[in-house]
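Colleague: I am new to this structure and should like to understand the terms used to describe it. May I ask how each description is reached?

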Amino acid sequence: MANMSLDTTNAKGALTGERYIESLRDGREVWLDGERVEDVTKHPAFTGAIREFARIYDLQHDPAFQEKMTFISPDSGRRVSKRWMVPQNGAELREKNQNSWTWMEQSWGQLGRTPDFMAGVLVGWVTIKDQLAAVRPMFGENVVAYHKFCMEFDISMTHAIGDPQINRADVFRNPMDDPDMALRVVEETSEGVILRGAKQLATLAPLSNEILVYLSATFSRRAKDEFVQWFGIPMNTPGLKVICREPLSVPATGHAYPFAARYDEQDAMVFFDDVLVPWERIFMLYDREAAVRLMGAAGGRGVNSTQIRY
């Protein structure tokens with residue numbers, strides 16, 4: 001059962017490889033080639049990349065890398081990953097970048113969506129917390145609490161920001177033509193909102209702990225308010241289904257080269273079958289104008305690690 005709590009009392013800070021692997025054994029619903037994957041840590045399509053991520057996570061505790069990759073949390077005093085650092089000046093930004101460089105060097109630049117990538121997006125949202133609060137006060141509070149949660153547990157995160165590509169000639173397709181092919185709010189409750197529909201393209205989805213859902217610039221100008229949401233939930237949330245593409249890491253696909261076996265992050269579509277998202281995990285809702293404006297204000301943070309990759 002998904003744990004929606006953002007309480008950090010039992011957090012342990014920077015992940016080890018062992019804790020990362022164990023965190024993926026949570027009952028998530030992952031599908032590959034028409035079959036449900038009961039344990040992603042044991043499936044040959046994923047084990048190579050999982051082992052590589054675990055190896056790099058272990059470097060966070062290696063004396064030769066610890067200072068480059070981690071810092072002391074200002075909230076808890078635990079040692080946490082520098083990817084969660086919110087830089088206040090140029091010196092802190094350069095310090096944060098040490099972690100990004102380490103991940104890219106250790107993976108030969110083959111991981112386009114390291115955990116560092118989405119951490120950068122969330123850090124960007126923290127820097128605009130006041131603007132989020134201006135939309136609705138709880139949004140600013142929520143994003144700060146969620147960032148603290150992700151930092152203290154060293155969450156690995158995927159993202160989904162686009163609609164499924166049904167017709168590439170119609171990029172601005174009105175989702176109301178087929179509502180279930182986008183993602184929308186179908187109900188509000190005292191606990192949160194109920195979501196139904198689909199999103200893509202969730203790179204790293206089967207290997208992540210949480211998914212951050214928002215709208216890319218292409219999809220931010222929605223025809224209806226119910227299609228506008230920013231939120232984060234666990235990968236094992238009831239009703240959340242992950243459908244993976246053909247893997248590049250196993251011989252049956254004809255793509256199983258040595259690098260592919262180690263660095264296939266996987267890409268997936270995610271389907272929401274009446275998924276409950278608690279209010280405290282929502283950072284934007286129903287506001288089309290704000291979604292467009294604030295995406296531009298915060299979106300650049302995530303590309304930093306990608307630029308280092310090249």
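Modeller: Let us begin with burial: a residue is called buried under 20% relative accessible area, exposed over 50%, and partly exposed in between. Please bear in mind that this is a predicted model.

Colleague: Why is Tyr 286 called partly exposed?

Modeller: Its relative accessibility is 23%. Tyr 286 is placed in the loop between strand S12 (282-285) and helix H9 (288-298).

Colleague: What makes the phi of Tyr 286 worth a remark?

Modeller: Phi of Tyr 286 is near 70°, a positive value in a residue other than glycine. Asp 33 also has a positive phi without being glycine, with a value near 55°.

Colleague: Is Asp 33 buried or exposed, and how do you know?

Modeller: Asp 33 has 74% relative accessibility. Exposed requires over 50%, so Asp 33 counts as exposed. Asp 33 belongs to the loop between strand S1 (29-32) and strand S2 (35-37).

Colleague: Why is Ser 156 called buried?

Modeller: The relative accessible area of Ser 156 is 0%. The limit for buried is under 20%, so Ser 156 is buried. Ser 156 sits in the loop between helix H7 (137-153) and strand S5 (157-160). Not counting residues up to four places away in sequence, Ser 156 touches Tyr 20, Tyr 57, Pro 115, Leu 204, Leu 207, Ser 208, Asn 209 and Glu 210.

Colleague: What makes Lys 82 count as buried?

Modeller: Lys 82 has 2% relative accessibility, and buried means under 20%; Lys 82 therefore counts as buried. Lys 82 lies in the loop between S4 and H4. Beyond its neighbours within four places in sequence, Lys 82 has contacts that include Glu 67, Phe 71, Glu 95 and Asn 99.

Colleague: Which class does Glu 92 fall into, and why?

Modeller: Glu 92 has 26% relative accessibility, a value in the range between 20% and 50%, so Glu 92 counts as partly exposed. Glu 92 is part of helix H4 (residues 90-106). Its C-alpha atom is separated by 9.8 Å from that of Lys 82, 10 residues apart along the chain. Leaving aside neighbours within four places in sequence, Glu 92 is in contact with Met 85, Val 86 and Pro 87.

Colleague: How do you know that the span of H2 agrees with expectation?

Modeller: Helix H2 (residues 44-59) has 16 residues, which should span 22 Å at 1.5 Å a residue. The end C-alpha atoms of H2 are 24 Å apart, which agrees.

Colleague: Why is H2 called largely enclosed by the rest of the structure?

Modeller: Of its 16 residues, 12 are buried, so H2 is largely enclosed. Among the buried residues of H2 are Phe 46, Ile 50, Phe 53 and Tyr 57.

Colleague: What makes Thr 41 count as buried?

Modeller: Thr 41 has 11% relative accessibility, and the limit is under 20%, so Thr 41 counts as buried. Thr 41 is found in the loop between S2 and H2. Not counting residues up to four places away in sequence, Thr 41 touches Ile 21, Leu 24, Arg 25, Thr 47 and Ile 50.

Colleague: Turning to the whole chain, how many helices and strands are there, and why is the chain called as compact as a globular protein of that length?

Modeller: The protein chain has 10 helices and 12 strands. Its radius of gyration is 19 Å, close to the 19 Å that the globule rule gives for 310 residues, so the chain is as compact as a globular protein of that length. Of the 310 residues, 54% count as buried.

Conventions:
Residues are numbered from 1 along each chain as its sequence is written. This is a predicted model: local features need pLDDT of at least 70, side-chain atom pairs count only at pLDDT 80 or more; totals for chains, interfaces and linings use all residues. Side-chain values use heavy atoms; hydrogens and water are left out. Helices (H or I, at least four residues) and strands (E, at least two) are DSSP runs, numbered from the N terminus. The expected span of a helix is 1.5 Å times one less than its number of residues. Buried means under 20% relative accessible area, exposed over 50%, partly exposed in between (1.4 Å probe, protein chains only). The radius of gyration is taken over C-alpha atoms; the globule rule is 2.2 Å times the number of residues to the power 0.38. Contact means heavy atoms within 4.5 Å.
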